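Reader: Please show me the structure, and then let us go through some of its residues by question and answer.

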Amino acid sequence: MIKLVFEEVSIKDPYAVLGVSKDAAQEDIKKAYRKLAKKFHPDLNPGNQEAEKKFKEVSHAFDLIGTPENRGKFDRGETEEPHTGRPGGYYYQSQDPGGRYTHSFGEDFADEDFFEQLFGRSRAGRTGYRASMDMPGADETYQMEVDFIEAALGAEKEVTFPNGKKLKINIPGGIENGQKLRLKGQGGPGQRAGPPGDAYVEIKVASHGQFQRQGKDIETEVPVSFLDAVTGGEIEVPTLEGRVLLKIPAGSSSGNKFRIKGKGAGTGERRGDLLAKLKVIVPKNPDPGLLQAVEKLKQQYSFDPRRPA
Amino acid sequence: MESRRYSIEEASSSCGINCEMIIHFVEEDWVKPINHQEMMLDDEDIARIRLINTLLDELEIDEEAVPVILHLIDEIHHLRFLLGMRDRN
């Protein structure tokens, strides 16, 4: 069985990460998690990468041992799937740099004197931050759907803004669903001498009938005949750039995964792998000769997957 | 390309948080829908709903503390924004 390894979260002892003993009560594990999460949650530390890394470790540890069921699996060494992050990202990403809520706060509470003092600006000649910065334009966010293969390998796309302006943008290979590309100075116009805002293009990666993304890795299901599954051999596997041959060992089963290095999403050294997941197929209407041969084999060799030897 | 809008029901299924809870967040003025009249939300509103739900549900923070935390988070973002503008100028 192949283990998926993600770059961001290395697997550490979850008990050590949460600072609890191996025989800690479930309630104490939860308490320890909550205490650390309140300290390191990325939305309480916007922009602090160290805190975000720490929070990922803590929430991964809690995923592993936070419920009696998961903890039992971890203690028996059955845990395989690593933490893959939370859906939807964090709030601070929607406000960085300056979202609607941020601006609304500025309008309601900003005290020019206070901020002048904070940033050490001279008050001579009216250089309050509103006057001196001449209000930059608003940032704008758009969404764009990108083809699965283009998102995996990268592409150049032309986008048309609502004002009719066209711009070529470079989609980097390996971009993930929900990631935003920043187009500097392509947002709303500034007031007076204020600079224009930025445009953010949020990428929606289209799904593909044959491939699924798992971070930088790509998974595909490969049908294999039950005869090849028993004897092993070479099978053809589809990749983003055509077919390749993969050697499978004798005694392969449905669900077994094989890693083909460097055939995933991304470019250069940062390219992920292709995970070929086998699906063993038996012919729907077996040839009478095949049936006879298998009947003979059944009498000669017994195998019951529900009662492993 | 258009910035997407979500109804309360769509937001509910996208965040896995029930509609009544989202309406409660709006009534408390913690979430300010981009289109208040038609109760349509944008991605920022959705992110804020997820954040409030994390505070209440995952970190088990008292409801009374939520507006205080949101105020401080908004202030941090405003300060970060001003610092960013200062660096740009």
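Reader: Are A:Tyr33 and A:Phe62 buried or exposed?

Author: The model is a predicted one. Within it, A:Tyr33 and A:Phe62 share one description. Both residues are buried.

Reader: How many aromatic pairs are there over all chains?

Author: Two rings are taken as a pair if their centres lie within 6.5 Å. By this rule, the count over all chains is seven.

Reader: What is the centre-to-centre distance of the aromatic pair A:Tyr33 and A:Phe62, and what kind of pair is it?

Author: The planes of A:Tyr33 and A:Phe62 have 10° between them, and the centres are 4.1 Å apart. Planes under 30 degrees apart count as stacked. The pair, at 4.1 Å, is therefore stacked.

Reader: Which helices hold A:Tyr33 and A:Phe62, and how many residues apart are they?

Author: A:Tyr33 belongs to helix α2 of chain A, residues 26–40, and A:Phe62 to helix α3 of chain A, residues 49–65. The pair thus links distant parts of the chain, with a separation of 29 residues.

Reader: What kind of aromatic pair do B:Phe25 and B:Trp30 form?

Author: Their ring centres lie 6.0 Å apart, with 40° between the planes. Both B:Phe25 and B:Trp30 are buried. Planes under 30 degrees apart count as stacked and those over 60 as edge-to-face, the rest being tilted. At 40°, the pair of B:Phe25 and B:Trp30 is therefore tilted.

Reader: Which residues do ring pairs link into a cluster?

Author: The cluster lies in chain A and is held together in this description by ring pairs. Its members are A:Phe55, A:Tyr90 and A:Tyr92.

Reader: Why does B:Ser12 count as buried, and which residues does B:Ser12 touch?

Author: B:Ser12 is located in helix α1 of chain B, residues 8–15. Its relative accessibility is 14%, so B:Ser12 counts as buried, the cut-off being under 20%. Leaving aside residues up to four places away in sequence, B:Ser12 touches B:Ile17, B:Asn18, B:Cys19 and B:Ile22.

Reader: What is the phi of B:Asp29, and why does B:Asp29 count as partly exposed?

Author: B:Asp29 is in the loop between α2 (19–27) and α3 (43–58) of chain B. Although B:Asp29 is not a glycine, its phi is positive, about 70°. B:Asp29 counts as partly exposed because its relative accessibility is 48%.

Reader: Where is B:Met39, and what is its relative accessibility?

Author: B:Met39 lies in the loop between α2 and α3 of chain B. Its phi is positive, near 55°, in a residue other than glycine. B:Met39 counts as partly exposed, because its relative accessibility is 24%.

Definitions and conventions. Residues numbered from 1 in each chain as written. Chains lettered and ligands numbered in written order. Predicted model: local features only at pLDDT ≥ 70, side-chain atom pairs only at ≥ 80, totals over all residues. Heavy atoms only, no water. Helix = DSSP H or I, 4+ residues; strand = E, 2+ residues; numbered from the N terminus. Buried < 20%, exposed > 50% of the residue type's maximum accessible area, 1.4 Å probe, protein only. Contact = heavy atoms within 4.5 Å.
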